[in-house]
Amino acid sequence: MHFFKADYIFPVSSLPIKNGVVQTNDSEEIINFFNEEDGLSIETSQIQCFKGIIIPGFINAHCHLELSHLHHQLPEHTGLVGFIKQLQKVRAQDIESIEEAAIHWQQKMHNSGIVAVGDICNGTNALKAKQKALLNYHNFIELFSFSPQKAKESLQYGQNVLAQFNQIKDKINTKLFTSSISPHAPYSTSHELIKLIANLSNQKYLPLFIHNQESAAEADMYLDAKGNFMDMLHSFGINTEHWKKFPEGAMRTIANLLNKETKMLWVHNTFTSEQEIEDILQIIPNSYFCLCPNANLYIENSLPNFDIFKLHSNKICLGTDSLASNHDLSVLNEMKTIQQNSSISFNTLLKWATINGAKALGFEKQLGSIEKGKSPGLNLVTFTTNDFVINQHTTILKLV
């Protein structure tokens, strides 16, 4: 048995415990947690004592581990269209470099207190890293195809990739490892392909994701059938003759292509309105909204209006996006950026960084909160003030 004591325990699923102690077994499962005074029969020498607060492990609900080799290779503030064009130029590198970078940054995520990842996969380049079983994963097999005529071909490619992920699942059975096919974004995936994905019977209870409203150009494309995304598609030689105006906008249009019971993870939401959030929750009640603020700053130099997400706080989670669009893969640093640019409390941010992400990925029975029978990982957060406000000096130490 192992005992960890801190100034406070924040279980997330229940109220904070002052001078709290968490008890785990050798398999890192939570056996109990309690106030220090309730554990008088425990010898002091058995307890590891820390200054700070103990929280469950972080959930990185949106990442592209396979792009880790692009760290610091793309310029900042190019806008999303410029970013996509730059990405196409540098993405392809030798497989060994790609795999080594994925292994290296997976270890850094583990060290920074992350226990699970919603990882976007265009292929199998990160599988070598994942077989090391450091982290839990839901793999989103991401599909692109703007041409309606190529929807079935794109889906077949995704099913082939999915089969390779499923083949290695038993080799990493010490961790959670699930996979589903998902569309990339409203500007890159035909509605025909999205409907095919939505109706796949073998992933009815698995989460889907889509990049959403990361750029204002998405609204131009859907509302007016023009703008930077349309110009980008033409520059890539992609036929857009089938495209028309969609007066409901991208988010509502996509939601209406899905089944009502779909678990949907909307990622970025930089230009999403409060009314759109409310509408989406009516259309797809099991929706989650993932914020990746440091990537939004890196690419568009913009941030979401964090205050509009307060009313739907149980539906918000956090991600880091990729190292092509971020300086690191730290959930704590995403929390810092939100804290600096909003009045969101630490308690709320903690839920966004833990249990909400676990729910979005389908991992809430095992991860996301300190509860008996779970194995959520344990992190120690150290503040420089006594008011639980995250600042640049706030640190994280992985305990379990």
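**Close-up 1. Aromatic pairs in the predicted model.** The model holds 14 aromatic pairs. Rings of Phe, Tyr and Trp (its six-membered ring) pair if their centres lie within 6.5 Å; planes under 30 degrees apart are stacked, over 60 edge-to-face, and the rest tilted. Phe10 and Phe388 form an edge-to-face pair, because their ring centres lie 5.3 Å apart and their planes meet at 70°. This pair links distant parts of the chain, 378 residues apart. Phe10 lies in the loop between strand 2 (8-9) and strand 3 (17-18). Phe388 lies in the loop between strand 16 (378-382) and strand 17 (395-398). Helices (H or I, at least four residues) and strands (E, at least two) are DSSP runs, numbered from the N terminus. This is a predicted model, in which local features need pLDDT of at least 70 and side-chain atom pairs count only at pLDDT 80 or more, while totals for chains, interfaces and linings use all residues. Residues are numbered from 1 along each chain as its sequence is written, and side-chain values use heavy atoms, with hydrogens and water left out.

**Close-up 2. The ring cluster around Phe10 and Phe388.** Ring pairs join Tyr8, Phe10, Phe346, Phe383 and Phe388 into a cluster. Phe388 is partly exposed, at 25%. Buried means under 20% relative accessible area, exposed over 50%, and partly exposed in between (1.4 Å probe, protein chains only). Phe388 also has a positive phi, near 55°, in a residue other than glycine. Most residues other than glycine have a negative phi.

**Close-up 3. Lysines over aromatic rings.** The charged end of Lys108 sits over the ring of Trp105, 5.2 Å from its centre. Lys315 lies over the face of Tyr288, at 4.7 Å from the ring centre. A charge sits over a ring if NZ of Lys or CZ of Arg is within 6 Å of the ring centre and within 35 degrees of the ring normal.

Close-up 4. Two strands pair if DSSP finds at least two bridges between them. Strand 8 and strand 9 share 4 bridges. Here Asn60 stands opposite Val117 in strand 9. Strand 9 (residues 114-121) pairs with strand 10 over 6 bridges. Ala116 has Asn136 of strand 10 as its bridge partner. Strand 10 joins strand 11 (residues 177-183) through 7 bridges. In strand 11, Thr178 is the bridge partner of His138, and Ser180 that of Phe140.

**Close-up 5. Strand 10, enclosed.** Strand 10 (residues 136-143) is largely enclosed by the rest of the structure, because 8 of its 8 residues are buried. In a regular strand the side chains alternate between the two faces of the sheet. Both faces of strand 10 are covered. Asn136, His138, Phe140 and Glu142 are buried on one side. Tyr137, Asn139, Ile141 and Leu143 are buried on the other. Strand 9 is mostly covered too, with 8 of its 8 residues buried.

Close-up 6. Strand 10 pairs with strand 11 over 7 bridges. The chain passes from strand 10 through helix 4 (residues 151-168) to strand 11, a right-handed β-α-β crossover. Right-handed means that, with the strands pointing away from the viewer, the path from the first strand over the helix to the second runs clockwise.

**Close-up 7. Two buried loop residues.** Thr354 lies in the loop between helix 12 (346-353) and helix 13 (355-361). Thr354 is buried, at 0% relative accessible area. Beyond its neighbours within four places in sequence, Thr354 contacts Val12, Pro56, Gly57, Phe58, Ile59 and Gly368. Contact means heavy atoms within 4.5 Å. Ala133 lies in the loop between helix 3 (127-130) and strand 10. Ala133 is buried, at 16% relative accessibility. Its phi is positive, near 60°.
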